[in-house]
Amino acid sequence: MPFTEDTTTQTVYLNDFGVTCTSGSTTGLGILEQPDQILAGDMIISTEYELTAKTSDFGSLLSGASITVDGTAYTVRDVRKENDGVFCRLSLSKN
């Protein structure tokens, strides 16, 4: 008998901690990680933004796609599935 995952827990998690995210015609919830700054000497090279969301909502986005997270525009750098693939983690650049 195949294993069927109950996504109720994931939905509750996103409902409690998520913010509205939109890319194209898809709107869902995601959790934006606070940025870490990568420094070289006294200069900031980049700021890392990561969004955790359901793979079914945003897992098919490609590098360069646009996404709005809680009203702020970002560009997708890459998308990686997490653990069992229900969630994905998107690396973002702030526009």
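Two rings of Phe, Tyr or Trp pair if their centres lie within 6.5 Å. I applied this to the structure, which is a predicted model.

**Entry 1: aromatic rings.** I looked for ring pairs and found three in the structure. The rings of tyrosine 13 and phenylalanine 17 have centres 5.6 Å apart and planes at 55°, so I recorded the pair as tilted. Both residues belong to helix 1 (residues 8–17), where they stand four residues apart, about one turn of the helix. I then turned to tyrosine 13 and phenylalanine 87: their ring centres are 6.1 Å apart and their planes are at 75°, so this pair is edge-to-face. It links distant parts of the chain, since tyrosine 13 is in helix 1 and phenylalanine 87 is in strand 6, 74 residues apart.

Entry 2: Tyrosine 13, at 40%, is partly exposed, and phenylalanine 17, at 54%, is exposed.

**Entry 3: lysine 54.** I located lysine 54 in strand 3. Beyond four places in sequence, lysine 54 touches Thr11, Leu14, Gly59, Val86, Phe87 and Cys88.

**Entry 4: nonpolar core.** I recorded 14 residues in the largest nonpolar core, with Ile67, Leu90 and Leu92 having the most contacts inside it. Strands 3, 4, 5 and 6 each give two or more residues to this core. Outside its sequence neighbours within four places, leucine 90 has contacts that include Tyr49, Leu51, Phe58 and Val76.

Conventions: Residues are numbered from 1 along each chain as its sequence is written. This is a predicted model: local features need pLDDT of at least 70, side-chain atom pairs count only at pLDDT 80 or more; totals for chains, interfaces and linings use all residues. Side-chain values use heavy atoms; hydrogens and water are left out. A nonpolar core is a set of buried Ala, Val, Leu, Ile, Met, Phe, Trp, Tyr and Cys residues joined through side-chain atoms within 4.5 Å. Buried means under 20% relative accessible area, exposed over 50%, partly exposed in between (1.4 Å probe, protein chains only). Contact means heavy atoms within 4.5 Å. Rings of Phe, Tyr and Trp (its six-membered ring) pair if their centres lie within 6.5 Å; planes under 30 degrees apart count as stacked, over 60 as edge-to-face and the rest as tilted.
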